[in-house]
Amino acid sequence: MTAILATCDERADRLGNRELVGSDATELKKRESIIAHCLAMNRSGLNQGTSGNISIRHGDGLLVTPASRPYDSLTPHDIVYMDMDGSHRGRWEPSSEWRFHRDILAARPDAEAVLHAHPTYCTILSIHGMEIPPIHYMLAVFGGPNIRVAPYAIYGSQDLSDVAVAALRDRQACLLEHHGMIAIGSSIGQAYWLAWELETLARQYHGALQLGEPPLLTEQQIQDVADKIAGYGLSDDKKEKSIHHADT
Ligand SMILES: [Zn+2]
């Protein structure tokens, strides 16, 4: 452990991270994790350009991607620290979507990370204002029988933040009309996994619609899956594993 901390400290020193709030190893790890997941979402096709953004709760605020910076140029000290009042510290301005990152983390104490992107099939459905109904049992991992669509509001606005928070009520993800999607998780890894599950569901729904109006599962059938995943009496650690293996 000491060796790991020393490595992080050395890296922070090497990067000259004077902007690091607290400059502890945990914060550096979160900053590195934001960059790693930004790169992963573009490499994997979940997102393109700099249209996506990621935040992780930190202390009394959050760490969030900077505005309009190419992901492959980001270093840990490019990530912006923001307090919940919107004031921020760092060399760049925060993502233009900082309002919904902040407001979601404020409204959802269960969430530690927020991921926003414009994946193709989620965005196709959002353009049509189509929520995802219970077409597949994996809807259960999102907290209910549907994925809602937040009504259109211009990017970066408080209106967009308000409709996004409402669409996420009791859910781990939502679509944003004529825009994209948001996924939240108890870690950035979980939010990233849910983002890909959501894009897969959107693609499956888009495909199923080609054959006509698809039959749906009932709310009870989705609840039964949720109950099975929750596994009464399981530890949080086992629950997490259970969720990740829900399709095996
Ligand atoms: Zn966007």
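Me: How much of the protein chain counts as buried?
Reply: Of its 248 residues, 38% count as buried; that term requires 20 or more other C-beta atoms within 10 Å of the residue's own, with exposed meaning 12 or fewer, partly exposed in between, and C-beta atoms placed from the backbone. This is a predicted model, in which local features need pLDDT of at least 70, side-chain atom pairs count only at pLDDT 80 or more, and totals for chains, interfaces and linings use all residues. Residues are numbered from 1 along each chain as its sequence is written.

Me: How many helices and strands are there in the protein chain?
Reply: The protein chain has 8 helices and 8 strands. These are DSSP runs numbered from the N terminus, helices being H or I of at least four residues and strands E of at least two.

Me: Which strand does β5 join over 5 bridges?
Reply: That is β8 (residues 180–185), which runs antiparallel to β5; a pairing requires at least two DSSP bridges between the strands. Gly185 of β8 stands opposite Ala113. β5 also pairs with β1 (residues 53–58), again antiparallel, over 4 bridges, and there Ser55 is opposite Val114.

Me: Changing topic: which residues have the most contacts inside the largest nonpolar core?
Reply: They are Ala164, Cys174, Met181 and Ile182, in a core of 57 residues. A nonpolar core is a set of buried Ala, Val, Leu, Ile, Met, Phe, Trp, Tyr and Cys residues joined through C-beta atoms within 7 Å. Helix α6 (residues 188–209) gives the most to this core, 9 residues.

Me: And what does Ala164 touch?
Reply: Leaving out residues up to four places away in sequence, Ala164 touches Phe100, Ile104, Ala150, Cys174, Leu176 and Ile182. Contact here means C-beta atoms, placed from the backbone, within 7 Å.

Me: At what angle do α3 and α5 pack?
Reply: Helices α3 (residues 98–107) and α5 (residues 158–167) pack at about 35°, their axes 9 Å apart. Axes are lines fitted to C-alpha atoms over the stretch in contact, and angles run from 0 to 180 degrees between N-to-C directions.

Me: Which residues make that contact?
Reply: Arg99, Phe100, Asp103, Ile104 and Ala107 come from α3, and Gln158, Leu160, Ser161, Ala164 and Val165 from α5.

Conventions: Contact = placed C-beta atoms within 7 Å.
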